[in-house]
Amino acid sequence: MDGFNIDNYLRIAPTDVILVLISTCIIILIAKKFFWSQLIALVEKRQSVIQENIDSSYRLKQEAESVKAEYDEKMKNAGKEAHDIVESAREHASQEKVRIITEAKEESARLRKQNQEDIEHDKLNAEKEMKEAISDVAMEAAKKLVEKEMDEATQKKFVEDFINQAGDKLW
């Protein structure tokens, strides 16, 4: 290893540079002649695929933003719709309450009137029964008192007149 000198390996010689440039140009000319159209087609194809991906992602982004905007609008409207539904339910409940109270009052008034009529009817029946009972008792008493002095029709008329006069004043 006596003859090994690192400077020989690290040197840049002008002849080496010129040979490398010439060989690179030849390779480029050969590549251009035979492979350039294929290389350009490959690059253009790759460029169109990349552009399609960019366009597709842009479209998807626009669609996503549109869907998000629609969703946000629906959510905003959903709150309003829920509020409207609650308000409608309250109003309906209020109307139902008024209707039920009105029906209950009408039913109460009807029952009160019916009961009043029943009471009046029962009162009239009771008066009639009492008058008949009193007239029967009075008739028997008068019959025994005046058995032979008056006939039965006269006695009955006398007792009925008495009851009617007494009934008008007491009942």
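**Close-up views of a predicted helical chain**

**View 1. Nonpolar surface patch of Ile18, Ile22, Ile26, Ile30, Phe34 and Phe35.** These six side chains form a nonpolar patch on the surface of the predicted model, and their accessible area together is about 610 Å². Patches are made of residues with over 30% relative accessible area and no salt bridge; nonpolar side chains (Val, Leu, Ile, Met, Phe, Trp, Tyr) are joined within 5 Å and like charges within 9 Å. Accessible areas come from the Shrake-Rupley method with a 1.4 Å probe, and for residues only the protein chains shown count as cover. Phe35 lies in the loop between α2 (14-34) and α3. Phe35 counts as partly exposed because its relative accessibility is 48%; buried means under 20% relative accessible area, exposed over 50%, and partly exposed in between (1.4 Å probe, protein chains only).

Residues are numbered from 1 along each chain as its sequence is written, and side-chain values use heavy atoms, with hydrogens and water left out. In this predicted model, local features need pLDDT of at least 70 and side-chain atom pairs count only at pLDDT 80 or more, whereas totals for chains, interfaces and linings use all residues.

**View 2. Salt-bridge network of Glu96, Arg99 and Glu103.** A salt bridge is a side-chain nitrogen of Lys or Arg within 4 Å of a carboxyl oxygen of Asp or Glu. Arg99 pairs with Glu96, with the closest N and O atoms 2.2 Å apart, and also with Glu103, at 2.5 Å from N to O. Within helix α3, Glu96 and Arg99 are three residues apart, about one turn of the helix. Arg99 and Glu103, also both in α3, are four residues apart, again about one turn. Arg99 is partly exposed because its relative accessible area is 37%. Glu96 is partly exposed at 29%, and Glu103 is partly exposed at 42%.

**View 3. Salt bridge between Lys76 and Glu73.** The side chains of Lys76 and Glu73 meet at 3.9 Å, N to O. Side chains of opposite charge can pair when their charged atoms come close. Both residues belong to helix α3 (residues 36-145) and are three residues apart, about one turn of the helix. Lys76 counts as exposed because its relative accessibility is 56%, whereas Glu73, with a relative accessible area of 37%, is partly exposed. The salt-bridge count comes to six.

View 4. The chain has four helices and zero strands; helices (H or I, at least four residues) and strands (E, at least two) are DSSP runs, numbered from the N terminus. Of the 171 residues, 6% count as buried. The accessible surface of the chain is about 15700 Å², and 60% of this belongs to carbon and sulfur atoms. The average pLDDT (the predictor's confidence in each residue, from 0 to 100) is 83 for the chain, with 86% of the residues scoring at least 70. Confidence is lowest in helix α1 (residues 6-10), at a mean of 69, and highest in α2, at 91.
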